[in-house]
Amino acid sequence: MKQTTQIGATVEEAISLALQKLGHTREQVDVEVLQEGKKGFLGFGARNAEVRVTVKEIVQQQVDQEKTSDSASDVEELTIVEKTIENEPVSANEDQHIHHEQQQVDPIEEAKQYLTNIALGMGITDLTIDHETDGKHVSFKLSSEKAALLIGKRGLTLNSLQHLTQLILNKTAKSFMILQMDVEDYRERRQAALEQLALRMADKAIRTRKSVSFEPMASYERKIIHNALANRIDIETHSEGVEPNRYLVIEPVK
């Protein structure tokens, strides 16, 4: 039985490559799709299609009969074909070489390129990214005349970009890395605003003697408010709900 396993960007591309390798037409083989291809989202989650192509038994028998009746020169040709089959492990070596090259990719530079490509898709052409590393912690400082687009409403776009970029960063990193991303010192300004809001809402809870609820926010922002009110003995704070709609509540101590 003559068969090969082939990968490609799509199922059709993988089949075409396999037919070229085997030297047969589509009608002379059976195809088994091992994995459908997937384009992914923003470059993440993409995967190749994989197929197993097997030459039909009757076709293979005809080929064998022809080879048996051929002259000594054909026998020599058959030997060449067998050597080609034996050389298939070279493909495995090539795969190892590609994998080795992937290991050589700088994960930080790859993450920067990922962000740059997204920014270009948003119409941002002047993005600059500075970075610092401290052990497993990596910080990205982004600058642009269109910084507001990268931040989004209450930092939602920035938080999403940070999450996706951290996935890209750890795709090729040798050990797990934690990314902190900021745009034009937005996070520092946001922290100051949340701390002031926390004090005002705590005073409101005391004044009205009723619980006060915040709008849903990210866990690190809820943590800023918890910390800002940690020393208040006249109120208590806790979180309610399920992510991503989890929110913080302030209650006056009775």
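The side chain of Arg 222 makes a polar contact with the side chain of Ser 239 (3.4 Å); such a contact is a pair of N or O atoms within 3.5 Å, where, within protein, one must be able to donate a hydrogen and the other to accept it, and residues adjacent in sequence count only if both atoms are side-chain atoms. The model is predicted: local features need pLDDT of at least 70, side-chain atom pairs count only at pLDDT 80 or more, and totals for chains, interfaces and linings use all residues. Residues are numbered from 1 along each chain as its sequence is written, and side-chain values use heavy atoms, leaving out hydrogens and water.

**Two buried arginines**
- Arg 222 is found in helix 9 (residues 219-228); helices (H or I, at least four residues) and strands (E, at least two) are DSSP runs, numbered from the N terminus.
- Arg 222 is buried, at 6% relative accessible area; buried means under 20%, exposed over 50%, and partly exposed in between (1.4 Å probe, protein chains only).
- Helix 8 (residues 186-208) contains Arg 190, which is also buried, at 16%.
- A polar contact of 2.9 Å joins the side chains of Arg 190 and Glu 221.

**Nonpolar cores**
- A nonpolar core is a set of buried Ala, Val, Leu, Ile, Met, Phe, Trp, Tyr and Cys residues joined through side-chain atoms within 4.5 Å.
- Of the 26 residues in the largest core, Phe 140, Leu 142 and Met 181 touch the most other members.
- Helix 5 supplies the largest share of this core, six residues.
- A second, separate core of 14 residues includes Ala 198, Val 212, Ile 224 and Ile 235.
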